[in-house]
Amino acid sequence: MKKLTYLLLIGFSIFSCTKKEAKKKEVLPNEMVEEEIAIPTTKKEITDPKETEIWEPEPKVVSFTKNNTPSDAIVLFDGSNLDLWITAKDSTDASWTLQSDDSMTVKPGAGDIQTKQNFGSIQLHLEWSAPNLVRGKGQERGNSGIFFQNRYEVQILDSYQNRTYANGQATAIYKQHIPLVNATKATDQWQTYDIIFHAPVFDPEGKKVKSGSFTVLHNGVLVQDNVEILGTTEYIGFPKNEAHEKGPIKLQDHGNPVQYRNIWVRELD
Ligand code: MG
């Protein structure tokens, strides 16, 4: 019995020592943080403002052309033609209607149009106007949309005094994110969208390793603040996350003659 008690005591003291060791290891990261924080205080005080100036690299100069378009942008539509667009369903020439005021109008029934070029992450600017003749309500009034990489929709809808489900109104990331505010101007006004789109990233096995994101300004007002893209913006059902490459920008024909003008992009990758 004495022998057993002795053995138990030895066992307990070994256990306690190991625990103390583990405790010591646990506090190590905190000590490292303290050390990191302490580093700046050991540096000499900076008194010359020049010591914190960085001169290189110098940002490239961007100038502005017609309609305030940045000189490094790809102009997708300036009113002169639809040369950079095709009909989405059959790749024939885009047949939406060109107007004399440098805009184009959705031709109901002609189908969606998309860019010939594929894009990854981009900054996009476009202007749109709902049909002046107010017809229908909810999703039936001035409905169109911009699909990034052919699958992620930022909603276009005449949301001026026109209630619908909040995750389907103008600037909603369709069925995923409700806009912070409704910044829609009156139906007969032109609206601007400025959108930063970061594409999702997939690994070689096709698994999504980084979600995409949207930041959206509507008429200069922040309405989507770096929101996560959960997957494809489905009309029915939940988002899907199949791997994909770069893709076109698609504009939706939802049967309403929405007008577009002044569309440009800047590639971010
Ligand atoms: Mg739509």
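The legends below describe close-up views of a predicted model. Residues are numbered from 1 along each chain as its sequence is written, and side-chain values use heavy atoms, without hydrogens or water. Local features need pLDDT of at least 70 and side-chain atom pairs count only at pLDDT 80 or more, while totals for chains, interfaces and linings use all residues.

**View 1. Protein donors of the magnesium ion.** Asn143 (OD1), Ser144 (O), Glu153 (OE), Gln155 (OE1) and Gln252 (OE1) lie 2.2 to 2.5 Å from the magnesium ion. Donors are N, O and S atoms within 2.8 Å of the metal (3.2 Å for Na, K and Ca); water is not among the atoms, so sites may look incomplete. Along the chain the donors follow the spacing N-S-x8-E-x1-Q-x96-Q. Glutamate 153 in strand S8 (residues 152-156) and glutamine 252 in the loop between strand S14 (250-251) and strand S15 (259-267) link distant parts of the chain, 99 residues apart. Strands (E, at least two residues) and helices (H or I, at least four) are DSSP runs, numbered from the N terminus. Glutamate 153 is buried at 4% relative accessibility, and glutamine 252 is buried at 14%. Buried means under 20% relative accessible area, exposed over 50%, and partly exposed in between (1.4 Å probe, protein chains only).

View 2. In S8, 5 of 5 residues are buried. Tyr152, Val154 and Ile156 point one way from the strand, and Glu153 and Gln155 point the other way. In a regular strand the side chains alternate between the two faces of the sheet. S8 pairs with strand S7 (residues 144-148) in the antiparallel sense over 5 bridges; two strands pair if DSSP finds at least two bridges between them. Isoleucine 146 has valine 154 in S8 as its bridge partner. The hairpin has 3 residues between the strands. In the loop between S7 and S8 lies glutamine 149, which has a positive phi of about 50° although it is not a glycine. Glutamine 149 is buried, with a relative accessible area of 4%.

**View 3. The open sheet of 5 strands.** The strand order is S2-S5-S14-S7-S8, with antiparallel pairing. Strand S2 (85-87) and S8 stand at the edges with a single partner strand each, so one side of each is left without a neighbour in the sheet. S7 and S14 run antiparallel and are joined by 2 bridges. Phenylalanine 147 has lysine 250 in S14 as its bridge partner.

View 4. The whole structure holds 6 salt bridges, each defined as a side-chain nitrogen of Lys or Arg within 4 Å of a carboxyl oxygen of Asp or Glu. One of them joins lysine 250 and aspartate 112 (3.8 Å, N to O). Lysine 250 is in strand S14 and aspartate 112 in the loop between strand S4 (103-105) and strand S5 (113-115), 138 residues apart. Lysine 250 is buried at 14% relative accessibility. Another salt bridge joins glutamate 127 and arginine 261 (2.7 Å, N to O). Glutamate 127 lies in strand S6 (residues 122-129) and arginine 261 in strand S15, so this pair ties together parts that are 134 residues apart in sequence. Glutamate 127 is buried at 10% relative accessibility, whereas arginine 261 is partly exposed at 27%.

**View 5. A cis peptide bond.** Glutamate 56 and proline 57 are joined by a cis peptide bond, with omega about 0°. Proline 57 is in the loop between helix H1 (2-42) and strand S1 (74-77).
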